[in-house]
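Subject: Structure for you to look at

Dear colleague,

Please find below the structure that I promised to hand over, followed by some notes on it. I would be glad if you could read them with the model open beside you.

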Amino acid sequence: MLSERMAKALNDQVTAEFYSSYFYLSMHSYFESLNLEGFSHWMRFQAQEEMMHAMKLYDYINERGGHIILQTIDQPPAEWHSVLHVFEKVLEHEQKVTGMINNLVDVALDERDHASCAFLQWFVSEQVEEESHVGAIVNKLTMVKDDPAGLFVMDQELGKRLPPTVE
Ligand code: FEO
């Protein structure tokens, strides 16, 4: 059984993951408006992946007999200025999420909840991967800037992203 404090912290993370999905969906629609099919494809899968993160936490709370309390999801920004701007915001957001996951692990340790600690390690590793992957995209976009040929190549590359899994 989860402690009340652990359940509250996990519920907050469910909300944060749903917000991430919303955040990336807003970026997806920006790429759609620019007809950048590859970037759009990548971001749609990113939004789906966040939804899967939320559900992984949701299932865990239920499995541990915790009370699910669904919360309001904030409205994400609707204005984006460039492809680079979008990915800089993705990286910033993922760094923030890494901090949230670390805080969750701190709560689990403090509560001596070893099962939650073990469960959360998956998210710890996932954040390392996300930050590294998005950081590489930001680096490339910084080199490319507004060069259409470079953006075209990157659009092709990001269009190859495979569907997300959370196993
Ligand atoms: Fe759910 Fe991108 O972290």
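This is a predicted model: local features need pLDDT of at least 70, side-chain atom pairs count only at pLDDT 80 or more; totals for chains, interfaces and linings use all residues.

Residues are numbered from 1 along each chain as its sequence is written, and side-chain values use heavy atoms, with hydrogens and water left out.

Helices here are DSSP runs of H or I with at least four residues, numbered from the N terminus.

Within helix 3 lies V107, which counts as buried at 14% relative accessibility; buried means under 20% relative accessible area, exposed over 50%, and partly exposed in between, with a 1.4 Å probe and protein chains only. Leaving aside neighbours within four places in sequence, V107 is in contact (heavy atoms within 4.5 Å) with R5, M6 and A9. The C-alpha atoms of V107 and R5 are separated by 7.9 Å, although these residues are 102 apart along the chain.

Turning to helix 5 (148–158), its buried residues are G150, L151, M154, D155 and L158. Seen down the axis of helix 5, these fall within an arc of 140 degrees (taken from the directions from the helix axis to the C-beta atoms), so they line one face of the helix. They pack against helix 2 (37–63), helix 3 and helix 4, whereas the face turned away from the buried side carries the exposed residues F152 and V153.

Finally, two loop residues deserve a look. Most residues other than glycine have a negative phi. R112, however, which is in the loop between helix 3 (83–110) and helix 4 (114–144), has a positive phi of about 55 degrees although it is not a glycine, and R112 is exposed, with a relative accessible area of 67%. K145, in the loop between helix 4 and helix 5, likewise is not a glycine and has a positive phi, of about 50 degrees; K145 counts as exposed at 56% relative accessibility.
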